Amino acid sequence: MSPRLLPRISLSSHTILRPLRLQRRTLIAAPSPNDGPLLTRRSDRALPEIPSSRKLWLRTLPIFLSIITLSTLAIFNYQKASSSIVNATLYALRTSEVGKRELGEQVYFRDKFPWIWGEMNQLHGRIDISFGVKGTKGRGVMRFKSVRKTRMGFFETHEWSLEMEDGRKLQLLDETRDDPFKHTALQAQS
């Protein structure tokens, strides 16, 4: 077997002093959208132009902010709708004589996704809410207002009413009877 012959490199003085020749390739432009599929890719091609993202931000920022705002409102409303105060007032409406007479049986929220209007601030002792209700006989808006005057005191109910769709406003809080919320979860939280 003969030894493998390698090319001989001569390191003479004229080879070292001479600048090295680099192989130059021409730059190829980036493909345009209508050029078809890119079958070969060279690493030394020109980079594509990056579109300005400022216009994109200006267009999408209002959409993003509106989605965040709507999500925040929906989360806070869900917290109100699932609170013990709303459950206690809805239960008291179901068991009240006026509620049964005007709304009928199966009293529940009027809408599939109920919206609880008003303030529910248990920390500072202010509850003033209203929401739509319906039963088998009718529909209306129930309003509940209760205030805690002292820090360790009980909530006092100031208004508990039902406004029917025909405009009649019925007072559910009977002055001759005891407060229906006295022994509910509403009092247990204070």
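How many bridges join strand β2 to β3? Five bridges join strand β2 (residues 117–121) to β3, and the two strands run antiparallel; strands are said to pair if DSSP finds at least two bridges between them.

## The model and its overall plan

This is a predicted model, in which local features need pLDDT of at least 70 and side-chain atom pairs count only at pLDDT 80 or more, while totals for chains, interfaces and linings use all residues. Residues are numbered from 1 along each chain as its sequence is written, and side-chain values use heavy atoms, with hydrogens and water left out.

The protein has five helices and six strands, which are DSSP runs numbered from the N terminus (helices H or I, at least four residues; strands E, at least two). Read along the sequence, these elements follow the pattern α-α-α-α-β-β-β-β-β-β-α. Of the 190 residues, 26% count as buried, where buried means under 20% relative accessible area, exposed means over 50%, and partly exposed lies in between (1.4 Å probe, protein chains only).

## The hairpin of β2 and β3

Strands β2 and β3 form a hairpin with four residues between them, and Gly-125 in the turn has a positive phi of about 80 degrees. Within this pairing, Glu-119 has Asp-128 in β3 as its bridge partner.

Ile-127 also lies in β3 (residues 126–134), and Ile-127 counts as buried because its relative accessibility is 2%. Although Ile-127 and His-158 are 31 residues apart in sequence, they are 9.9 Å apart in space, C-alpha to C-alpha.

## The nonpolar core

In soluble globular proteins, nonpolar side chains tend to be buried together. Here the largest nonpolar core has 24 residues, and those with the most contacts inside it include Leu-93, Trp-160 and Leu-162; such a core is a set of buried Ala, Val, Leu, Ile, Met, Phe, Trp, Tyr and Cys residues joined through side-chain atoms within 4.5 Å. At least two residues of this core come from each of α3 (84–95), α4 (97–103), β3, β4 (139–148) and β5 (155–164), and the largest share, five residues, comes from α3.

Leaving aside neighbours within four places in sequence, Leu-162 is in contact (heavy atoms within 4.5 Å) with residues including Leu-93, Leu-103, Val-133 and Met-142.

Trp-57 is found in helix α2 (residues 53–81), and Trp-57 counts as exposed because its relative accessibility is 55%.
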